[in-house]
Amino acid sequence: MTKLETFLEALEGSQTPDDVQSLVVALRESYGVSNAVYHAVNVGPMPYAALTYSPEWMQYYHDQQYVQVDPVVKGALQQFHPMDWKQLDWSSRGSREFLGEAISAGVCNQGLSVPIRGPNGQFALFTINDNCSDASWETFSKEYKRDMMLISHYIHRRVTDIFIPEAEDKSRALSPRETDSLKYLSLGFSRTEISDKLKISEHTLRVYIDSARHKLGALNTIHAVTTAYSRGLISF
Amino acid sequence: MIKYIYADALDAFPKLRDSMFRDRAFQFKERLGWDVTVSEEGFETDEYDRVNPLYMIYELPDGTHGGSMRNLPTTGNTMINDHFSSLIGGAPIISPLIWETTRFCLSPNVGKLAGRVGAAVCLAGCEAGIRWALDSSVGVFDARMVHIYKRLGWEPEILGSSGTGKSAISAGLWALDEASKASICAKSGIAPQEVEAWFDASFPMMESSQILVA
């Protein structure tokens, strides 16, 4: 299994906020980075964070009201692309002093932050952070940016399910094409055969399967098929 | 050249901003006859311009709009999921790796440059996908656009259609990848390096040592 699959499988088993916290800690090990942070601003009744920064730094950050200075937060509130920290706005003296303090407290020099947008203004943020040269970070980002995009959204999805289980809504409904794709997969057809049957390209088939997985909160294709089956969304 | 600009940063480019919203009014209201809202100043905007979308805009040498499109993540509210889900089987398209592209527009002033401007705007989308690990963009388009995408070398896969002839609309899916980039570059004669330079100019990357020393 890839790192991504291993993580997603473990995430599937998580039932509580504490479980998610341990997974975020584990993520740090599996990807070999120093820190990982998931922060949901307005998902549950209270802001929720799962992170590896020290409690002392979090307390200090809170006391100093650094949320108003932190360029990561400022960037992610407005923008929605994955952001390398070196692309953020560090022009103010305050932001650079803040970074200096953060680094003294164990935050590292390289970061990749993924803003997460949900329906109706839902907002969360996921970050990985490490100490390395610009060149090694570039290599790491190229290789794992897609993983981080998916991981951030799956964590968000899991946290949403934990905090607001009643949120099962129409955004989770499968389209007929998504249902067909899962059904043929469950019957053991190859992707090439399915795209022939549905008269779509393999690229589009992959999109349908990924979209169905995302809606079902399923972490791999087999899980998507079994979830869809158990909810009566596909039948044989 | 192409500039990537989030809505909240548009005010720094008033000439580009105003000419884009005017060109959109011309294209969508006057030329295509869509049911869109145009303000007293002649600007076409809708609810999706107010949730801080990312525009990819071709800026002409005089600083005005040559062509553009508007992007939003499909994990949030999108036009296709809110208003056109009948085209895609009634259920929304939601993926962290798919963005929605809307309001693909060319200025009536581009003349002979139309091919280059259209290609550049599409290339801006491909480059964003490559840099940000996205898979695809999804969008609703008019029957008249089909041959334009074909000529650009970036044909969408059609997910569903309604209506016939000139009034047909479809939902399409475009791959954001190296193959699409190469295809559009080959047809338009735009060098891949030029596309990369546009992206880098909009999202400049500092060196980590510069940030702390500065």
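This is a predicted model: local features need pLDDT of at least 70, side-chain atom pairs count only at pLDDT 80 or more; totals for chains, interfaces and linings use all residues.
**Ground rules.** Local features need pLDDT of at least 70 and side-chain atom pairs count only at pLDDT 80 or more, while totals for chains, interfaces and linings use all residues; side-chain values use heavy atoms, with hydrogens and water left out. Residues are numbered from 1 along each chain as its sequence is written, and chains are lettered from A, ligands numbered from 1, in the order in which they are written.

**Sheet of chain A.** I looked up the strand order and found an open, antiparallel sheet of five strands, β2-β1-β5-β4-β3 of chain A. Strands here are DSSP runs of E with at least two residues, helices are runs of H or I with at least four, and both are numbered from the N terminus. Two strands pair if DSSP finds at least two bridges between them. β2 (48-51) and β3 (83-84) of chain A each have a single partner strand, so one side of each lacks a neighbour in the sheet. I then checked β1 (residues 35-40) of chain A, which pairs with β2(A) over four bridges. In β2(A), A:Ala50 stands opposite A:Tyr38.

Helix α2 (residues 17-31) of chain A packs on this sheet and touches β1, β2 and β5 (123-130) of chain A. Contact means heavy atoms within 4.5 Å. The direction of α2(A) makes about 35° with that of β2(A). Angles run from 0 to 180 degrees between N-to-C directions, with axes fitted to C-alpha atoms, for helices over the stretch in contact.

**Between the chains.** I noted 44 residues from chain A and 41 residues from chain B in the contact. Together the chains bury about 3,500 Å², 62% of it on carbon and sulfur atoms; this is the accessible area (1.4 Å probe) lost on putting the two parts together, summed over both.

I counted two salt bridges between chain A and chain B, each a side-chain nitrogen of Lys or Arg within 4 Å of a carboxyl oxygen of Asp or Glu. A salt bridge joins the side chains of B:Asp135 and A:Arg146 (3.7 Å, N to O). On the side of chain A that touches chain B, α9(A) gives the most, with nine residues.

**Sheet of chain B.** Here I found seven strands in an open sheet with mixed pairing, in the order β1-β2-β3-β4-β5-β7-β6 of chain B. Its edge strands are β1 (2-6) and β6 (157-162) of chain B. The twist averages 25° from one strand to the next. Helix α9(A) packs on this sheet, touching β4, β5 (136-142), β6 and β7 (169-175) of chain B.
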